[in-house]
Amino acid sequence: MNLQIESAFTYHAPKEGQPVIYQCLREKAKELAYLIDELVPASREKSLALTKLEEASFWSNAGISRNG
């Protein structure tokens with residue numbers, strides 16, 4: 001059995017305190033998303049920056065849920 005695969009494809013219920021951490025990370029990511037939206041001209045680069053920020057938020061939450 002591959003533990004990495006098992007972890008990646010298993011539901012991880014939030015543990016005590018984790019929802020607060022998720023919310024904090026989402027709020028900061030949203031703050032940066034609005035700053036990017038305000039300051040960066042409409043472009044492929046802006047779209048990629050917002051996509052990568054969304055990915056970073058997702059992977060941060062996954063890291064907490066899988067390893068917390």
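This is a predicted model: local features need pLDDT of at least 70, side-chain atom pairs count only at pLDDT 80 or more; totals for chains, interfaces and linings use all residues.
Q: OK, how many salt bridges does the structure hold?
A: There are three salt bridges, a salt bridge being a side-chain nitrogen of Lys or Arg within 4 Å of a carboxyl oxygen of Asp or Glu.

Q: Which residue pairs with lysine 28, and where does the pair sit?
A: Lysine 28 pairs with glutamate 31, with 3.7 Å between the closest N and O atoms. The two are separated by about one helical turn because they lie three residues apart in helix 2 (residues 18–39), where helices are DSSP runs of H or I with at least four residues, numbered from the N terminus.

Q: Is lysine 28 buried or exposed?
A: Lysine 28 counts as exposed at 53% relative accessibility, and glutamate 31 does so at 51%; exposed means over 50% relative accessible area, buried under 20% and partly exposed in between, with a 1.4 Å probe and protein chains only.

Q: And what does lysine 46 meet?
A: Its side chain forms a salt bridge with that of aspartate 37, at 2.9 Å from N to O. Lysine 46 is buried, at 11% relative accessible area, whereas aspartate 37 is partly exposed, at 42%.

Q: Switching topic, how do the axes of helix 2 and helix 3 cross?
A: The axes, which are lines fitted to C-alpha atoms over the stretch in contact, with angles from 0 to 180 degrees between N-to-C directions, come within 10 Å and cross at roughly 170°. The two helices are therefore roughly antiparallel, a label used for angles over 145 degrees.

Q: Which residues meet there?
A: Among them are Gln18, Tyr22 and Asp37 in helix 2, and Lys46, Leu50 and Ser65 in helix 3, with contact meaning heavy atoms within 4.5 Å.

Q: What about serine 65, buried or exposed?
A: Serine 65 is buried, with a relative accessible area of 14%, and its side chain reaches the backbone oxygen of alanine 62 at 3.2 Å. Not counting residues up to four places away in sequence, serine 65 touches His12, Gln18 and Tyr22.

Terms used
Residues are numbered from 1 along each chain as its sequence is written. Side-chain values use heavy atoms; hydrogens and water are left out. A polar contact is a pair of N or O atoms within 3.5 Å; within protein, one must be able to donate a hydrogen and the other to accept it, and residues adjacent in sequence count only if both atoms are side-chain atoms. Angles under 35 degrees count as roughly parallel, over 145 as roughly antiparallel, 65 to 115 as roughly perpendicular and the rest as oblique.
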